Amino acid sequence: MSGLSITYSGLLAVRERRRLLALLWVQSVNLKVGCSPHGRDAGCCGAFGNWLPEVDRESMENDCPTGSLDERFDLNRDGFVILTDVVSASRADALAGLGAGYGMRNLLRACPAVAALAAHPKALVVSVLGADAFAARGIYFDKLPGANWEVAWHQDLSIAVAERIDAPGFGGWSIKRGVPHVQPPVAVLERMLTVRLHMDDCAADNGPLRVLRGSHAQGRLTDEQIERWKQTGEEVACLVPKGGALLMRPLLLHASAPAENPRHRRVIHLEYATDPLPHGLRWFETAR
Ligand SMILES: O=C(O)CCC(=O)C(=O)O
């Protein structure tokens, strides 16, 4: 393991060469967390909102310049990679001050500090998506003894948009926390990357995200294909240490089970994109 700027982008260069339960879960999170549609309740984002003044943003940039790549995984081949030391333990502790509820949406709009944070992992994303990458959605997840939830195998197919405009290739409209969501053409999802920044050590007994290696590469999967992947695919539990991050393609099949030994498993989930949306559609929230 060595410096991120060298190892990660270097590896990428070398290697370049060579639903349903999720939706139910999200709705239940929305109900139980009790945030306003834009998540402005003090209990949900007070700590994020107050954390990270301008000067702190600068120190964050120097915080952990050398995130390290777990070399067992390859983003192109596997659809995910795990990095350690993306932010320092003290930074992770500061982020963990959020500490309310077990899920929250619309973080980039609701919490300026998270929008500022999104600029930091962006360095990880640029080598994959290019310099125009921007964060296009922020979600907070936690697992707790009283909220030890599970999510069935799914791909992340929806994006949040500012308003509904019916357009070719865009379908499956829904409303989450008052915000229109739509399933865009696969080409949009294929040009996105998710960074899940961990504020706690996530071990095998703590309901880690599980992924099916390589399942991102076949576009949007039918129910039958998902079943086949579940039967025959290689499952990897993403054990990410505090301050580390999982980078994954939205089309990668993922799930998570209740923790056997429930304790905090706080994650800031940031989705990055590179392109404006077509047909007058606009991303609901962005941070650059
Ligand atoms: O954090 C988890 O365990 C599940 C999150 C999830 O389902 C998602 O990001 O789509």
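1. The largest nonpolar core holds 70 residues; F80, V114, V195, A245, L246, L247 and Y272 touch the most other members. A nonpolar core here is a set of buried Ala, Val, Leu, Ile, Met, Phe, Trp, Tyr and Cys residues joined through C-beta atoms within 7 Å. Buried means 20 or more other C-beta atoms within 10 Å of a residue's own; exposed means 12 or fewer, partly exposed lies in between, and C-beta atoms are placed from the backbone.

2. A word on the basis. This is a predicted model: local features need pLDDT of at least 70, side-chain atom pairs count only at pLDDT 80 or more, and totals for chains, interfaces and linings use all residues. Residues are numbered from 1 along each chain as its sequence is written.

3. L247 is one of those core residues. Leaving out residues up to four places away in sequence, L247 touches L75, F80, V81, L83, L124, L193, T194 and V195. Contact means C-beta atoms, placed from the backbone, within 7 Å.

4. M192 sits in the loop between α10 (186–190) and β9 (193–198). Helices (H or I, at least four residues) and strands (E, at least two) are DSSP runs, numbered from the N terminus. M192 is buried because 23 other C-beta atoms lie within 10 Å. Its contacts, not counting residues up to four places away in sequence, are P250, E271, Y272 and A273. The C-alpha atoms of M192 and D275 are 9.2 Å apart, though 83 residues separate the two along the chain.

5. Three strands form an open, antiparallel sheet in the order β6-β8-β7. β6 (159–160) and β7 are at the edges with a single partner strand each, so one side of each lacks a neighbour in the sheet. Pairing requires at least two DSSP bridges between strands.

6. β7 (residues 171–176) is hardly covered: of its six residues, the count of buried ones is zero. Four bridges join β7 to antiparallel β8 (residues 179–183). S174 has H181 of β8 as its bridge partner. The two strands form a hairpin with two residues between them, and R177 in the turn has a positive phi of about 50°.

7. β6 and β8 pair antiparallel over two bridges. There A160 stands opposite H181 in β8.

Notes: Contact = placed C-beta atoms within 7 Å.
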